[in-house]
Amino acid sequence: MDSRRAPRTVIDPKVRQVGFVTPGAPPARSHSVPTDACSSPPRAPDFTLPSNSLSPVMIPPARHASADGIPVLTRASAPVPVPSTTPNPPSPLRRDGVQIPIGSYNPSESLGTSPMRSPSSRMDGLEFSEDMSMVSSSRLARSSSAKAAAASFPGTNTEMMAAGKVVGNVVPAKSSLTTASVVKTLPGLSDKGDGSLAEVHGEAAGIAKPLKQKTSKADRRALQEAQRAAKAAAREAGGGKPSGGTVPSNAAKGEFGKPSQKKDAASVSGANVVPEKKVADRPPEKERKKDVPHPRMQFDDQHRVEKAKKRAVVNQSEARNRVELFRHLPQYVHGTQLPDLESKFFQLDHIHPSVYKVGLQYLSGNITGGNARCIAMLLAFREAIKDYSTPPEKALVRDLTAKIGNYVSFLIECRPLSISMGNAIKFLKSRIAKLPHTLSESEAKFTLQSDIDRFINEKILLAEKVIVRHAVEKIRNGDVLLTYGWSSVVEMLLLYAHESSKQFRVVVVDSRPKLEGKALLHRLLSKGLNCTYTHINAVSYIMHEVTRVFLGASSVLSNGTVYSRVGTACVAMVAHAFHVPILICCEAYKFHERVQLDSICSNELGDPDVISVVPGRKDLDHLDNWAENENLQLLNLTYDATPSDYVSVIVTDYGLIPPTSVPVIVREYRREQLWM
Amino acid sequence: MDFQVVVLAGGASKNLTPLVSEEIPKALLPVANRPVLSYVLELLESSNLKDLIVVVEGSDAALRVGGWISGAYVDRLHVEVAAVPEDIGTAGALRAVAHHLTASDILVVSGDLVTDVPPGVVAATHRRHGAVVTALLCDTPISGISETGSKDKAKKLGRYNIVGLDPTRQFLLLIASGAEVEKDTRVQKSILGAVGQMEIRADLMDAHMYALKRSVLQEVLDQKDSFHSIRQDVLPYLVRSQLRSEVAKIEEGWNTTITSKTNLIWLSQHREIAPSAFHNGHELDANGSLSAQSTHKCCAYIAGKNKYCARLNSIQAFIDINRDVVGEASHLSGYSFSAQNNVVHPSAELGSKTTVGPQCMLAEGSKLGDKCSVKRSVIGRHCRIGSNVKIVNSVVMNHVTIEDGCLVQGSIICSNVHLQERCVLKDCQVGAGYVVTSGSEHKSESLAKR
């Protein structure tokens, strides 16, 4: 195992575990700085460096304040062997290796050396690893002595190991057989160490990018694995601290030692505080990048729109008279996309048929409604996962994630995702990413499929039932309930309340152009509910007699804003003015941490033609050729944002909460929601 | 996309008697000097459908078709040619290849279809609605000669099909072939009641491009032995029985999987199980998921007006298609037209004072003598045409010899025909190898060798 893993760790110089930089370390380094940085000759050819660079590599990381003094000790011991291996003055040479990155960020050199090296370094790594294991085995024998020697420091495994190695390398004569190999491979090792040094510095100097590009795929992969291994090792080491240098933790040690060495090399070389600072700085930066939500596509950004168009599968010819305020949203000519996409049916082989089907259904409006869209999407993904097989030489985790990403972008082209769908996708992706590596492909697929089923069952279907149970308690006999549009949860609620023989009347408020309320009305009437149907124009009149308002939502944002079908805000406002309590029914998986104050920045535009036509009124067709008229823009918004002030309570699967508590749910249950 | 394509290339059709022969099965009849089958194959190829099964009636015909395909489409398409006995009908032909079908949906295309409607639209519509069958409907082609001058031959619309559609024009509620409809047609009350409103149209033609669900198709073919043709038996059966579907149940059972049922329930709970024609105002839930399971959907895709779509199933259609492919639907022919709007192969020789008008095609190696006139006609390869010959609105196939002074109008001259001097042919079909004696006059006749 050692021999297999070690090379990866060797190659991973660029992977600088920030975690290793312990608070105690800086002083230690600062200690070492003056001794190291005493001379700065120009960089010598790498190959002369080998042995000297060894020494920085050797130096164990200073972990504790208590170890503070000891590293110095070891360091003191480290230079000792150097003279024995190389006759020339060691310290200056080493220092120059050290120096280059510090003072003069010498990109060309670090650039030039590292790519060239990478193959060889791998070889070296292999060799190295072999003898590493040898060393370790020999060290095992020796480690006791080393430990005995180093018993004074209460260091961690790494320290131990490093120390042990120092001993092993430094005093080759001590061990009989293994030492020979160690000596032989020493140059390679040191070479490697040096290369890694350069690379490390390259990165520290912020030239990491070109480097990254040049590394081969295998390298990158090795790197990643090394990183992972290092992490695991770190964890193990953290746990196994007291056990010390026991045999089982050896492998971990091997890996752990390497990066730490590198780090150390970096830190040693990074005599100044600057690179160190970078060490501290970088990762947060990365994290920050991760934290920042992916910027939404702004459709008024010409450049990016062009780019996106090139990628697009769906024909996206832009609408002519685009509404100025909403230029950042996609405004396409409706009616051109579907035929175009349909005619491409057989060309789009990379999209799974079921995903394609769902995309078509989104585009043609056959599937609408947050829950239905989400379920349809998840079912399509489940089909796709069922039929998925990992291509050769690819990892399921990564390839499947990329595939799902493709599908998602296709679906986005068909219709912008709702927030609930975004959450579901996040869930699925995290599930994929968290698949244990030990799972076989079929097991992994099965796991994912059952995860999807579970999500649908628990987060959507069960949640609806729970919401209904919660909300029905708020319906009293003699109530007049108002609802707007057609929310599936509200419909279930009304039907359930009717079944539990509550006496109430329903006012269904509807609006053009979708007239979804009619469908709800139809279904309520067929179950024998007592209904009133009206359009939103009359809402202020009808509100007098209403005692409760039940509304559905597409999403609830963390400032309590309810993002829902356009018109909801209006109804809520009127109800608020009439002091009618407003209950929003929304499953918790639709919650989102975003904060939105208006319905402009994120919305969806519907087909403007639908609002220009009045069915059954031929005499009102003034807007027939509205696209020709440059002074006219039609705005058909799909969603709006209801401020939290209007909302009395939000009924979720976690119970009835005030809108101010949404962030709590998002924060506390998000983990559970996404990772279950 | 999990689709398999079956091209029904037919055999020696009776409708085209003098034209088709043992040497030239229907699939190889030249349209603008290309076999008619090539139009379908290239349409499919352009849609990235390269794995085809071509079913030919008669083993001789199959050999010829297969030979031609392997010559013309080597390295381009993966075609399997299946020979079936003659007169078993389209349903029979499908039955014969049914065991080769494995994909979840089958696209059945008639080999005599000349169209530019991408098959993807039919397939996508089929998928979108989860239909059992989706048929491509196109406008009834305008037959007859659309000569600008002649008013007497008014454009007549042939009645091909009676089609009933729902108000959204997505679902097929009734289909009857026009020939069968003499005075009355029956509309099922249950369907009409379920849908509320039906639009019946006579100006649509079934283009014989169907997307079918394989499980259903195989079930129907197995159960109903008497079904002979897809168009006349299978499609009307499926349309008729869509409310009390037996196949849907079968299919449900076949797909087994409790999951698919639960999916259905999940989705139907959320109402949007793709609208079927039958919940006028979303009636579906009233009788619950039960009705969802015992109905199936038959869909239609109606090709736009700007698409060309025609079937070569009669002699008139043959002339029309030849004319259109060289004329208004010239993008189908694959040739680039000259400034004079005609195609004259460089190796063709024209005598002095010979004119080749627009919308004409003259293939390689043909020779025309002096003072000839060719209008709106297609002339095949290596034809020898003497002087003073007039060819109008006609199709002349390969290796035809036409001697001096002949007049050919509105006729089809098959390969190797010899027209001796000064014969006059109007609206005639001359079978392959026939010799028309000199000076004879024929009008509206079908001439063939016995």
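User: What makes B:Glu199 and B:Arg169 a salt bridge?

Analyst: In this predicted model, the closest N and O atoms of B:Glu199 and B:Arg169 are 3.1 Å apart. The cut-off is a Lys or Arg side-chain nitrogen within 4 Å of an Asp or Glu carboxyl oxygen, so the pair counts as a salt bridge.

User: Why is this pair said to tie together parts of chain B?

Analyst: B:Glu199 lies in strand 13 (residues 199-201) and B:Arg169 in the loop between strand 11 (161-165) and strand 12 (172-177), so the pair joins parts that are 30 residues apart in sequence.

User: Why is B:Glu199 called partly exposed?

Analyst: Its relative accessibility is 22%. Buried means under 20% and exposed means over 50%, with partly exposed in between, so B:Glu199 counts as partly exposed. B:Arg169, at 41%, is also called partly exposed.

User: Is A:Asp399 buried or exposed, and how do you know that?

Analyst: A:Asp399 has 12% relative accessibility. The limit for buried is under 20%, so A:Asp399 counts as buried. Its side chain meets that of A:Lys394 in a salt bridge, at 3.8 Å from N to O.

User: What makes B:Glu22 exposed?

Analyst: B:Glu22 reaches 59% relative accessibility. Exposed means over 50%, so the word applies to B:Glu22. This residue is in the loop between strand 1 (3-10) and strand 2 (30-31) of chain B.

User: Which residues gather with B:Glu22 in a patch of negative charge?

Analyst: B:Glu23, B:Asp60 and B:Glu86 gather with B:Glu22 on the surface. Asp and Glu count as negative, so the patch is called negative.

Methods:
Residues numbered from 1 in each chain as written. Chains lettered and ligands numbered in written order. Predicted model: local features only at pLDDT ≥ 70, side-chain atom pairs only at ≥ 80, totals over all residues. Heavy atoms only, no water. Patch = residues over 30% accessible without salt bridge, like charges linked within 9 Å, V, L, I, M, F, W, Y side chains within 5 Å. Areas by Shrake-Rupley, 256 points an atom, 1.4 Å probe, with all protein chains shown as cover. Charge placed at Lys NZ, Arg CZ, Asp CG, Glu CD. Helix = DSSP H or I, 4+ residues; strand = E, 2+ residues; numbered from the N terminus. Buried < 20%, exposed > 50% of the residue type's maximum accessible area, 1.4 Å probe, protein only.
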